[in-house]
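Hi,

Here is the structure I said I would pass on. Have a look at it first, and then read my notes below.

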Amino acid sequence: MVDLDLEAPGLGSHILHPDMRPEFGVLDWLVEDLVGNASAALPAEMVAESLLIDSPGLSVAPAIGRRSGEYSQGVLAKLARGYLEGEDGSGFAQRLQRMIASLEAEVEPDVVLIDSRAGLHETVAANLLHLGAEVFFFAVDVPATWEGYRYLLAHLAQLATVGEFENLEADWRQRFHMVHARSSLRDEGRRAFAANAYAVWVDTLYDAVSPHDEEADEVSDELLRFTFDEADPAAPHWPH
């Protein structure tokens with residue numbers, strides 16, 4: 001598990017014993033990488049085993065390592081530098097890719113779970129679009145949630161160009177999934193969630209569908225429009 005929610009770090013304190021926290025964290029890697037000091041040895045010092053699962057089990061790379069925790073007055077200054085462009089010109093997304101690859105080489109995990117940044121910030125796009133990961137959007141069915149997701153998904157739609165992908169399977173939107181948080185598990189609650197999610201997706205990430213005649217059917221099929229019905233359980237907006 002990798003904690004990329006740098007502004008609200010939680011994995012380290014939730015699932016690692018205080019005495020087991022590694023020397024360094026994700027924030028340390030990002031800062032050192034800016035000046036080319038994120039050596040191959042650093043990933044080995046930013047991962048610890050959680051006691052929640054029998055070993056070998058759950059490896060955790062917290063946002064904040066033990067050393068930064070001991071010198072807490074410097075954490076905000078590091079945070080201000082962590083999102084900057086590297087001295088080699090690499091952007092935040094490229095730097096994240098490099099960090100995840102280093103951690104995978106060190107731990108050799110079966111699966112990597114990433115706790116992305118919460119809240120609205122343009123750096124979230126790096127986690128969602130550039131790591132090639134399955135993305136789960138947790139949402140409580142309240143108006144404030146949908147307002148926030150409308151801002152986020154509209155921003156992603158503006159950043160990404162669907163035409164860069166050769167087919168529907170490679171479409172970045174297909175890796176997105178809505179998760180109904182705090183669900184009552186009742187059908188009416190699921191349908192209400194789906195309706196609210198659909199209203200956001202159809203305005204942001206789903207392709208517009210315009211009327212066409214039979215002669216245009218074959219052409220439109222080739223375009224592989226990315227759109228779904230509101231009640232389609234295979235749709236990304238449908239609650240999991």
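This is a predicted model: local features need pLDDT of at least 70, side-chain atom pairs count only at pLDDT 80 or more; totals for chains, interfaces and linings use all residues.

**The cores**

Let's begin with the inside. In general, nonpolar side chains in soluble globular proteins tend to be buried together. Here the largest nonpolar core has 25 residues. If you want to find your way into it, go for Leu128, Phe137, Leu156, Phe176, Met178 and Trp201, which have the most contacts inside it. Two or more residues each come from α6 (124-129), β5 (135-139), α7 (143-159), β6 (176-180) and α8 (187-204). Apart from this core lies another one, with 24 residues, including Leu6, Val31, Met46 and Ala61.

Setting aside residues up to four places away in sequence, leucine 156 touches Ala125, Leu128, Leu129, Trp172 and Phe176.

**A buried valine**

Next, jump to valine 60, which sits in strand β3 (residues 59-60). Is valine 60 buried or exposed? Its relative accessibility is 0%, so it counts as buried. Once neighbours within four places in sequence are left aside, the residues in contact with valine 60 are Met1, Leu11, Ile15, Leu16, Met46, Val47, Ala48 and Ser50. Take leucine 16 from that list: it is 44 residues from valine 60 in sequence, yet the two C-alpha atoms are 7.7 Å apart in space.

**Charged pairs**

Side chains of opposite charge can pair when their charged atoms come close. How many salt bridges does a search of the whole structure find? The search gives eight, and I'll go through three of them.

- Arginine 67 and glutamate 23: their side chains meet at 2.8 Å, N to O. This pair links distant parts of the chain, 44 residues apart, with arginine 67 in helix α3 (residues 66-70) and glutamate 23 in the loop between α1 (11-15) and α2 (26-34). Arginine 67 is partly exposed at 40% relative accessibility, and glutamate 23 is partly exposed too, with a relative accessible area of 22%. There is also a network of salt bridges here, linking Glu23, Arg66 and Arg67.
- Aspartate 28 and lysine 78: these side chains form a salt bridge at 2.6 Å, N to O. Distant parts of the chain are joined here as well, since aspartate 28 is in helix α2 and lysine 78 in helix α4, 50 residues apart. Aspartate 28 is buried, with a relative accessible area of 5%, whereas lysine 78 counts as partly exposed at 21%.
- Aspartate 187 and arginine 190: the closest N and O atoms of this salt bridge are 2.9 Å apart. The two residues are three apart in helix α8, so about one helical turn separates them. Both are partly exposed, aspartate 187 at 45% relative accessibility and arginine 190 at 28%.

**A buried serine**

You'll find serine 90 in the loop between α4 (75-82) and α5 (92-107). With a relative accessible area of 6%, serine 90 is buried. Its side chain makes a polar contact with the side chain of arginine 98 at 3.4 Å. Beyond its neighbours within four places in sequence, serine 90 is in contact with Glu85, Arg95 and Arg98.

**Empty space**

Rolling a probe the size of a water molecule over the atoms shows where empty space is left. How many cavities of 30 Å³ or more are there in the whole structure? The search finds one, and the volume of the largest cavity is about 60 Å³. Residues lining the largest cavity include Leu4, Leu6, Leu30, Tyr83 and Arg117, and α5 and α6 each supply at least two residues of that lining.

The largest pocket holds about 920 Å³ of space. Its lining has 29 residues, and those nearest its centre are Ile114, Ser116, Leu128, Val135 and Phe136. Two or more lining residues each come from α5, β4 (114-115), α6, β5 and α7. Which element gives the largest share of the pocket lining? That is β5, with four residues. Look again at Leu128, too: it is among the residues with the most contacts inside the largest core, and it also lies among those nearest the centre of the largest pocket.

Cheers

How values were computed. Residues are numbered from 1 along each chain as its sequence is written. Side-chain values use heavy atoms; hydrogens and water are left out. A nonpolar core is a set of buried Ala, Val, Leu, Ile, Met, Phe, Trp, Tyr and Cys residues joined through side-chain atoms within 4.5 Å. Buried means under 20% relative accessible area, exposed over 50%, partly exposed in between (1.4 Å probe, protein chains only). Contact means heavy atoms within 4.5 Å. A polar contact is a pair of N or O atoms within 3.5 Å; within protein, one must be able to donate a hydrogen and the other to accept it, and residues adjacent in sequence count only if both atoms are side-chain atoms. A salt bridge is a side-chain nitrogen of Lys or Arg within 4 Å of a carboxyl oxygen of Asp or Glu. On a 1 Å grid over the protein atoms alone, a cavity is a set of points where a 1.4 Å probe fits but cannot get out, and a pocket is an open set with protein on both sides within 12 Å along at least five of seven lines; lining residues have an atom within 4 Å of a point. Grid points are joined across faces, edges and corners, and a volume is the space filled by probe spheres set on the points.
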